[in-house]
Amino acid sequence: MFNNGRGSDAEVIANFHDGHSYNKAKLDEALRSVILDRKPPKVKDTTAVKREDIDFVVNEFEISRLKAEKALIDNGGDLAKTLRALVNS
(Lines give C-alpha, C1' and ligand atoms only; values in the text may rest on other atoms or scores of the structure.)
Protein backbone atom coordinates (compact mmCIF):
# COMPACT_ATOMS: atom_id res chain seq x y z
CA MET A 1 0.00 0.00 0.00
CA PHE A 2 1.10 3.58 -0.45
CA ASN A 3 1.96 5.62 2.61
CA ASN A 4 1.14 9.09 1.18
CA GLY A 5 2.55 10.67 4.33
CA ARG A 6 -0.56 9.96 6.40
CA GLY A 7 1.12 7.98 9.15
CA SER A 8 2.45 4.49 9.21
CA ASP A 9 0.81 1.71 7.25
CA ALA A 10 0.28 -1.74 8.65
CA GLU A 11 3.25 -4.05 8.70
CA VAL A 12 4.47 -4.45 5.14
CA ILE A 13 5.82 -7.87 4.27
CA ALA A 14 7.20 -7.14 0.79
CA ASN A 15 7.54 -4.05 -1.43
CA PHE A 16 7.55 -4.27 -5.20
CA HIS A 17 9.21 -1.97 -7.77
CA ASP A 18 5.82 -0.84 -9.11
CA GLY A 19 4.84 0.56 -5.69
CA HIS A 20 2.59 -2.27 -4.55
CA SER A 21 3.23 -4.24 -1.40
CA TYR A 22 1.96 -7.15 0.66
CA ASN A 23 0.24 -5.99 3.83
CA LYS A 24 0.34 -8.45 6.75
CA ALA A 25 -3.09 -7.44 8.06
CA LYS A 26 -4.76 -7.98 4.68
CA LEU A 27 -3.03 -11.33 4.19
CA ASP A 28 -4.11 -12.46 7.65
CA GLU A 29 -7.70 -11.39 6.94
CA ALA A 30 -7.73 -13.27 3.63
CA LEU A 31 -6.30 -16.38 5.28
CA ARG A 32 -8.87 -16.27 8.09
CA SER A 33 -11.74 -15.93 5.60
CA VAL A 34 -10.50 -18.97 3.66
CA ILE A 35 -10.13 -21.08 6.80
CA LEU A 36 -13.45 -20.05 8.35
CA ASP A 37 -15.41 -20.46 5.10
CA ARG A 38 -14.07 -23.96 4.50
CA LYS A 39 -16.52 -26.80 4.96
CA PRO A 40 -15.44 -29.54 7.35
CA PRO A 41 -14.09 -32.62 5.59
CA LYS A 42 -16.47 -35.52 5.12
CA VAL A 43 -16.04 -38.29 7.62
CA LYS A 44 -15.81 -41.60 5.88
CA ASP A 45 -18.55 -44.00 6.91
CA THR A 46 -17.02 -46.70 9.05
CA THR A 47 -19.90 -49.16 8.80
CA ALA A 48 -18.36 -52.60 8.80
CA VAL A 49 -19.63 -54.90 6.11
CA LYS A 50 -18.87 -58.59 5.93
CA ARG A 51 -16.98 -59.97 2.97
CA GLU A 52 -19.49 -62.84 2.76
CA ASP A 53 -22.34 -60.33 2.49
CA ILE A 54 -20.58 -58.48 -0.33
CA ASP A 55 -19.91 -61.76 -2.15
CA PHE A 56 -23.54 -62.81 -1.72
CA VAL A 57 -24.89 -59.56 -3.15
CA VAL A 58 -22.40 -59.64 -6.04
CA ASN A 59 -23.36 -63.22 -6.96
CA GLU A 60 -27.13 -62.85 -6.55
CA PHE A 61 -27.57 -59.49 -8.27
CA GLU A 62 -24.63 -59.75 -10.67
CA ILE A 63 -23.39 -56.27 -9.80
CA SER A 64 -19.87 -55.01 -9.17
CA ARG A 65 -18.23 -55.38 -5.76
CA LEU A 66 -18.12 -51.61 -5.46
CA LYS A 67 -21.88 -51.28 -5.99
CA ALA A 68 -22.57 -54.14 -3.62
CA GLU A 69 -20.36 -52.65 -0.92
CA LYS A 70 -21.95 -49.22 -1.36
CA ALA A 71 -25.44 -50.72 -1.11
CA LEU A 72 -24.49 -52.51 2.11
CA ILE A 73 -22.94 -49.37 3.60
CA ASP A 74 -25.99 -47.31 2.64
CA ASN A 75 -28.15 -49.82 4.53
CA GLY A 76 -25.99 -49.93 7.64
CA GLY A 77 -24.43 -53.32 6.83
CA ASP A 78 -27.82 -55.03 7.16
CA LEU A 79 -27.98 -57.73 4.47
CA ALA A 80 -31.77 -58.19 4.54
CA LYS A 81 -32.36 -54.44 4.26
CA THR A 82 -29.84 -54.23 1.41
CA LEU A 83 -31.51 -57.07 -0.48
CA ARG A 84 -34.92 -55.39 -0.16
CA ALA A 85 -33.48 -52.09 -1.35
CA LEU A 86 -31.84 -53.70 -4.39
CA VAL A 87 -34.99 -55.63 -5.31
CA ASN A 88 -37.10 -52.48 -5.08
CA SER A 89 -34.68 -50.33 -7.09
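Of the 89 residues in this protein chain, 12% count as buried. Buried here is under 20% relative accessible area, exposed is over 50%, and partly exposed lies in between, with a 1.4 Å probe and protein chains only. A word on the source: this is a predicted model, where local features need pLDDT of at least 70, side-chain atom pairs count only at pLDDT 80 or more, and totals for chains, interfaces and linings use all residues. Residues are numbered from 1 along each chain as its sequence is written, and side-chain values use heavy atoms, with hydrogens and water left out.

Next, the overall layout. The chain has four helices and two strands. The order along the sequence is β-β-α-α-α-α. Helices are DSSP runs of H or I with at least four residues, strands are runs of E with at least two, and numbering starts at the N terminus.

Surface and contacts. The accessible surface is about 7,700 Å², and 55% of that belongs to carbon and sulfur atoms. That area comes from the Shrake-Rupley method with a 1.4 Å probe. Take the contacts in the chain with a separation of 6 or more: 24% of them join residues 24 or more positions apart. Contact means heavy atoms within 4.5 Å.

Now look at one helix pair. How do α2 and α3 cross? Helix α2 covers residues 51-61, helix α3 covers residues 65-74, and their axes come within 9 Å and cross at roughly 120°. So α2 is oblique to α3. The axes are lines fitted to C-alpha atoms over the stretch in contact, with angles from 0 to 180 degrees between N-to-C directions. Oblique is what remains after under 35 degrees (roughly parallel), over 145 (roughly antiparallel) and 65 to 115 (roughly perpendicular).

Which residues make the contact? From α2, they are Arg51, Asp53, Ile54, Asp55, Val57 and Val58; from α3, Arg65, Ala68, Glu69 and Leu72. By class, that gives five nonpolar, five charged and no polar residues.

Then the loop. Glu62 sits between α2 and α3. Its phi is positive, about 50°, and it is not a glycine. Most residues other than glycine have a negative phi. Is Glu62 buried or exposed? Exposed, at a relative accessible area of 72%.

Last, Phe56. This residue belongs to helix α2. Phe56 is partly exposed, with a relative accessible area of 37%. What does Phe56 touch, leaving aside neighbours within four places in sequence? Leu79 and Leu83.

Key
Nonpolar A, V, L, I, M, F, W, Y, C, P; charged D, E, K, R; others polar.
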